[in-house]
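Hi,

Here is the structure I said I would pass on. Have a look at it first, and then read my notes below.

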Amino acid sequence: MQCYILFRYTQKHICNATYFLDIPKNIYAMLHIPHCGIMAVAKLPFKVGIPVEDEYFIDRESELKELEQHISSHSNVCLLGLRRVGKTSLLRRAIRDMQDVVMVYVDCHGVTDKRTLAGKIANEIKDAYIERTGDGKFRDAIAKHLKAGWDKIAFRLVEMELEIGGYFRVRMGIGKKEVDAEELFESALGYADILGKTKEKRFVIIFDEFQDIGTSWKDDDIKRLRAIVQRQKHVGYIFCGSSPTFMSSLVDNRDAPFYRQLEKIRVGPLPEEAARTFIESRFHVCGYDISNEALETMLALTRCIPDYVQRLGAAAANMTKKIDNTVVSKAYEQVLLKMDSEFRNLLSSLGQRSPTYTPILIGFSRHNTIAEASRAVGYDLKKSTRQLAYLQNIGLLEKAGRGDYEITDPVFKDWLQRNFS
Ligand SMILES: Nc1ncnc2c1ncn2[C@@H]1O[C@H](COP(=O)(O)OP(=O)(O)OP(=O)(O)O)[C@@H](O)[C@H]1O
Ligand SMILES: [Mg+2]
């Protein structure tokens, strides 16, 4: 069993220690060792709810290799994958592995406008550059100007070196209504190009959850972005998202703005063998036993979707050290229970858009063909072409053939079957 020994044992010290060791608290079980005056913190086998790294991250070798090849050959990339499949974890691993480029990670989730996005991009560029290069002179210059205050910065902006001034120009523009948001966004991206040129570094900007901003953009916005991407010589781009139709609308047909300009990488469930080895070894190194039968049940229930593999593993580990089929079944019930509010929220937000989403999903949780699904819910689902398209767009449904649809998330499908029988 892997342990960290801590020399004090109040809750506060545990929190501090987990913070300093950069260990999320939820992945540790704490054991009090009597008479020793020490606290041992044992690592748990699985990790839930946040992107994973190190021993919690498995496989993805071919995706990482592909990504690395595209970046080395200065190609831009579109990374596609359904929700919870492990896109962000993969990107984080790539950021860690690819030390010769400055990888700038921009999370677009919840970013509503280009002004905010511009500020976020400029900050991420600055931070990633300092982190990757350790350029103390640059870091100190930024800190010195920030200390001097915004009034002085405004006064000195023209005198500043390009690679410092570029950053402050974007930051100052955010609060100024007269500076157009589009211009600000372009300056923010341009800043990476300037820094790349002056410092002779290659940058890669990653837009994660790109659909969160991209779906609200007009065609012209995407075209303007394409022009920037094409123009910049020192910056590569990775667009990552979980909405299959939106992401594919960027690249897949002749009219798409990035047609033939982005290399597509698909992230899917884990290969079964890799998932099997992962589950077995995580239980094993943490002192658990799992039967073969239970292992196979875990693979079948999760369909090797990494998030569910980790959730089910964590729930089973919470119950006992000997994992058999009964334990896995009980753990699966807990996973369903934990997912319940998320699934309910999803149904209710879809219901606000149109009342037809619920019957569509219930129908396809029971049958794959449109005719049978319609019969099951007493509603002709053929009429709902727009809703069917939207459900594919957000990745909840997948076309499995002519008139056949499948719910992509096996746990959501099961939840629908159980709750709406
Ligand atoms: N390579 C991996 N090995 C093991 N577990 C993984 C891996 N990738 C992801 N996971 C598990 O799946 C969960 C979801 O991963 P991640 O957040 O990277 O997915 P995502 O595709 O970015 O999800 P979302 O669409 O919600 O942004 C993680 O919390 C982790 O438990
Ligand atoms: Mg993600």
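To start with the ligand: how many residues surround ligand 1, and which are the closest? There are 23 of them, with Gly-86, Thr-88, Ser-89, Pro-306 and Gln-310 the closest. Please keep in mind that this is a predicted model.

By type, the shell around ligand 1 splits into nine nonpolar, seven polar and seven charged residues. Helices α3 (87–97) and α14 each supply at least two residues of that shell. Domain 2 (60–266) and domain 3 (270–347) both give residues to the shell, so ligand 1 lies between them.

Helix α14 (residues 306–317) also has a helix partner. Its axis and that of α15 (residues 325–353) come within 8 Å, crossing at roughly 115°, and the crossing is right-handed. On the α14 side the contact uses Arg-311, Leu-312, Ala-315 and Ala-316, which meet Val-327, Val-328, Ala-331, Tyr-332, Gln-334 and Val-335 of α15. Eight of the residues in this contact are nonpolar, one is polar and one is charged.

Then there is a sheet. Five strands form an open sheet in the order β5-β6-β7-β4-β8, with parallel pairing. β5 (102–107) and β8 (262–266) are at the edges with a single partner strand each, so one side of each has no neighbour in the sheet. From one strand to the next, the twist averages 20°.

Within that sheet, β6 (residues 203–208) and β7 (residues 235–241) pair in the parallel sense over five bridges. Phe-203, for example, has Val-235 in β7 as its bridge partner.

Cheers

Terms used: Residues are numbered from 1 along each chain as its sequence is written. Chains are lettered from A and ligands numbered from 1 in the order in which they are written. This is a predicted model: local features need pLDDT of at least 70, side-chain atom pairs count only at pLDDT 80 or more; totals for chains, interfaces and linings use all residues. Axes are lines fitted to C-alpha atoms, for helices over the stretch in contact, and angles run from 0 to 180 degrees between N-to-C directions. Helices (H or I, at least four residues) and strands (E, at least two) are DSSP runs, numbered from the N terminus. A crossing is left-handed if the near helix is turned anticlockwise from the far one by less than a right angle, and right-handed if clockwise. Two residues are in contact if their C-beta atoms, placed from the backbone, lie within 7 Å. Ala, Val, Leu, Ile, Met, Phe, Trp, Tyr, Cys and Pro count as nonpolar, Asp, Glu, Lys and Arg as charged, and the others, Gly among them, as polar. A residue is near a molecule or strand if its C-beta atom, placed from the backbone, lies within 6 Å of it. Domain bounds come from an automatic or database domain assignment. Two strands pair if DSSP finds at least two bridges between them.
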